[in-house]
Amino acid sequence: MAISTGGGGAEKPMSDINTTPLVDVMLVLLIIFLIAVPVAIQTIEKLKIPVIKSEESKDKVENLLLSVTTTDDSGRSAGEPGYQGASRNGECRVYFNNITPVTSKELYDQAFKRLDAIVKRAGGPEALRDNPDLVPQVHIRGDVNAPWRCVAGAIYNVQIAGYPTVGFISNPVDPNG
């Protein structure tokens, strides 16, 4: 910074820019954008996702398939007479291999036993490390009305059991229909 001592005879106008107001304005704008952007993102109600042609995935037999849904408003599970569809306020229901209903503890136990058997059959962890294609994945098919807490609980349990990769399965949408 330069300091003018006023030693010369004639006074000249100061041509330095005072940056303090500029910094203040920039900080205020930064704070406004930090607050406004998340609010703007959360207010998007309808999002149109493009329909793209998908290819059939080459599933391995070892992949674990889970279905996640909830009870209906009356407390009935899928498959029970009078079931009216998943409710956001219902209790979480997870189906192991899309068939067997399991609790969180049972999901962890069965997923761990299944993965342990696959690792032993492959020749141990070293064999899977050498050939990552042998590592099984978890594929979750979630009901559109199932709350995120149900899906997140299923993901948590299978990852704690040792599955490194979790993916989601969706139904293909007919672009003409």
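Reply: Happy to! Let's start with a term: a salt bridge is a side-chain nitrogen of Lys or Arg within 4 Å of a carboxyl oxygen of Asp or Glu. Keep in mind that this is a predicted model.

Me: Okay, how many salt bridges does a search of the whole structure find?

Reply: Four salt bridges turn up when the whole structure is searched. One of them joins the side chains of Asp109 and Lys105, at 3.2 Å from N to O.

Me: Where do Asp109 and Lys105 sit relative to each other?

Reply: Both are in helix α2, which covers residues 104-122. They are four residues apart there, so about one helical turn separates them.

Me: What about Lys120 and Asp116?

Reply: Their side chains also meet in a salt bridge, with 3.2 Å from N to O. Lys120 and Asp116 are four residues apart in helix α2, so about one helical turn lies between them. Lys120 is exposed at 61% relative accessible area, while Asp116 is partly exposed at 30%.

Me: Let's zoom out. How many helices and strands are there?

Reply: The protein has four helices and five strands. Going along the sequence, their pattern is α-β-β-β-α-α-β-α-β.

Me: How are the strands arranged in the sheet?

Reply: Five strands form an open sheet in the order β3-β2-β1-β4-β5, and the pairing is mixed. At the edges are β3 (100-102) and β5 (166-168), each of which pairs on one side only. On average, neighbouring strands in this sheet are turned by 30° against each other, direction ignored.

Me: In which sense do β1 and β4 pair?

Reply: They pair in the parallel sense, over five bridges. For a spot to look at, find Val68, which stands opposite Gly142 in β4.

Me: Where does α4 go?

Reply: Helix α4 lies across β1, β2, β4 and β5, and runs at about 150° to β1.

Me: What does the largest nonpolar core look like?

Reply: It has 20 residues, and those with the most contacts inside it are Leu64, Leu66, Leu107 and Val158. Two or more residues each come from β1, β2, α2, β4 (138-142) and α4 (148-161). Helix α4 gives the largest share, six residues. As a general point, nonpolar side chains tend to be buried together in soluble globular proteins.

Me: Which residues does Leu66 touch?

Reply: Setting aside residues up to four places away in sequence, Leu66 touches a list including Val94, Phe96, Leu107, Ile140, Ala154 and Val158.

Me: Back to β1: is Thr69 buried or exposed?

Reply: Thr69, which is in strand β1, has 8% relative accessibility, so Thr69 counts as buried. Beyond its neighbours within four places in sequence, its contacts include Tyr83, Cys92, Tyr95 and Asp143.

Me: And where does Asp72 lie?

Reply: Asp72 is in the loop between β1 (64-70) and β2 (92-96). Its relative accessibility is 3%, so Asp72 counts as buried too.

Me: What does Asp72 touch?

Reply: Not counting residues up to four places away in sequence, Asp72 touches Gly82, Tyr83, Gln84, Gly85 and Ser87. Within its own stretch of chain, a polar atom of the Asp72 side chain lies 3.0 Å from the backbone nitrogen of Ser74.

Me: One last thing: how much of the whole protein counts as buried?

Reply: The protein has 177 residues, and 21% of them count as buried. As for contacts with a separation of 6 or more, 64% are between residues 24 or more positions apart.

How values were computed:
Residues numbered from 1 in each chain as written. Predicted model: local features only at pLDDT ≥ 70, side-chain atom pairs only at ≥ 80, totals over all residues. Heavy atoms only, no water. Buried < 20%, exposed > 50% of the residue type's maximum accessible area, 1.4 Å probe, protein only. Polar contact = N/O pair within 3.5 Å; in protein donor to acceptor, adjacent residues only side chain to side chain. Contact = heavy atoms within 4.5 Å. Core = buried A, V, L, I, M, F, W, Y, C linked by side-chain atoms within 4.5 Å. Pairing = 2+ DSSP bridges. Axes fitted to C-alpha atoms, helices over the stretch in contact; angles between N-to-C directions.
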